[in-house]
Amino acid sequence: MKRIRKKVVLFCWIIFAAGIIYAAFLQYKISLNYGVVPAKNADYLIVLGARVKGTEPSLTLASRIDAAALYLKKNPSTIAIASGGQGPGEDISEAECIKRELQKLGIKESRIVLEGKSTDTYENIRFSKKLIPISAKDGVVVTNDFHLYRALSLAADANLKVQGLPAETPLISVPKSYIREYLAITKYYLVTSP
């Protein structure tokens, strides 16, 4: 009986250690995109949606919008694709919210294209790709720093030549956001593995 208990305890420790190592690996992958600066004058910029509270952006979405607006002001030839559908508790689509907030920050409506049907990051990328002008070559994807690794991986899978623009993650959202992202990356690995 003691021997079995020792084996069970050892097995639990091995699983725990493997989990820690895997989480560290994921964190390393995520951290590679911290502080990256995309090239100037991209042809297009895709702002990935996040939760909208009624008609107001969540803190997470607001940080994405702020980062996008800053880039768009410095690069006046870049068009923005606001991406995200309307979910439960949202009175408008995430794309519409992004558009409204960008306009409040001084970005002209004529520079903003709406993709308002997507329900997840995979669809954000796939549906936004259909709205990219044929002549466009270089793009930028804007999302929070924790989300950029997976977003860029999905963009590469869709044959999009994009760079990342990381928006800061609000401190209050860090624990929940990272745990969810570890799970989402794991799902991505499982679904896309050969």
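Which elements each supply at least two residues of the lining of the second largest pocket? In this predicted model, the elements that do so are H2 and strand E7, the latter spanning residues 162–167. The largest share of that lining, four residues, comes from H2. The pocket itself has a volume of about 290 Å³, and its lining consists of Val-36, Val-37, Pro-38, Lys-40, Ala-67, Leu-70, Tyr-71, Lys-74, Asn-75, Leu-165 and Pro-166. By class, these residues divide into eight nonpolar, one polar and two charged.

The protein chain as a whole contains six helices and seven strands, which follow one another along the sequence in the pattern α-β-β-β-α-β-α-β-α-β-α-β-α. Taken along the principal axes, the C-alpha atoms of the protein chain fill a box of roughly 75 × 35 × 25 Å. Of the 194 residues in the protein chain, 45% are buried.

In terms of residue class, the lining of the largest pocket comprises nine nonpolar, 15 polar and 11 charged residues.

Because Glu-181 lies in helix H6 and Arg-150 in helix H5, the pair ties together parts that are 31 residues apart in sequence. Both partners fall below the 20% relative accessible area under which a residue counts as buried: Glu-181 has a relative accessibility of 2%, and Arg-150 is likewise buried, with a relative accessible area of 15%.

The salt bridges number five in total, and two further examples can be described in detail. Lys-161 forms a salt bridge with Asp-138, the closest N and O atoms being separated by 3.3 Å. Lys-161 belongs to the loop between H5 and E7, whereas Asp-138 belongs to the loop between H4 and strand E6 (139–144), so that this pair ties together parts lying 23 residues apart in sequence. Lys-161 is exposed, with a relative accessible area of 59%, while Asp-138 is partly exposed, with a value of 34%.

In the other example, the side chains of Glu-96 and Arg-100 meet in a salt bridge at an N to O distance of 3.1 Å. These two residues are four apart in helix H3 (residues 94–104), and Glu-96 and Arg-100 are therefore separated by about one helical turn. Arg-100 is partly exposed, its relative accessible area being 36%.

A separate feature of the surface concerns nonpolar side chains. Val-9, Trp-13, Phe-16 and Ile-20 together make a nonpolar surface patch of about 450 Å².

Note on methods: Residues numbered from 1 in each chain as written. Predicted model: local features only at pLDDT ≥ 70, side-chain atom pairs only at ≥ 80, totals over all residues. Heavy atoms only, no water. Patch = residues over 30% accessible without salt bridge, like charges linked within 9 Å, V, L, I, M, F, W, Y side chains within 5 Å. Areas by Shrake-Rupley, 256 points an atom, 1.4 Å probe, with all protein chains shown as cover. Salt bridge = Lys/Arg side-chain N within 4 Å of Asp/Glu carboxyl O. Nonpolar A, V, L, I, M, F, W, Y, C, P; charged D, E, K, R; others polar. 1 Å grid on protein atoms, 1.4 Å probe; cavity = no way out; pocket = protein on both sides within 12 Å on 5 of 7 lines; lining within 4 Å. Points joined across faces, edges and corners; volume = space filled by probe spheres on them. Buried < 20%, exposed > 50% of the residue type's maximum accessible area, 1.4 Å probe, protein only.
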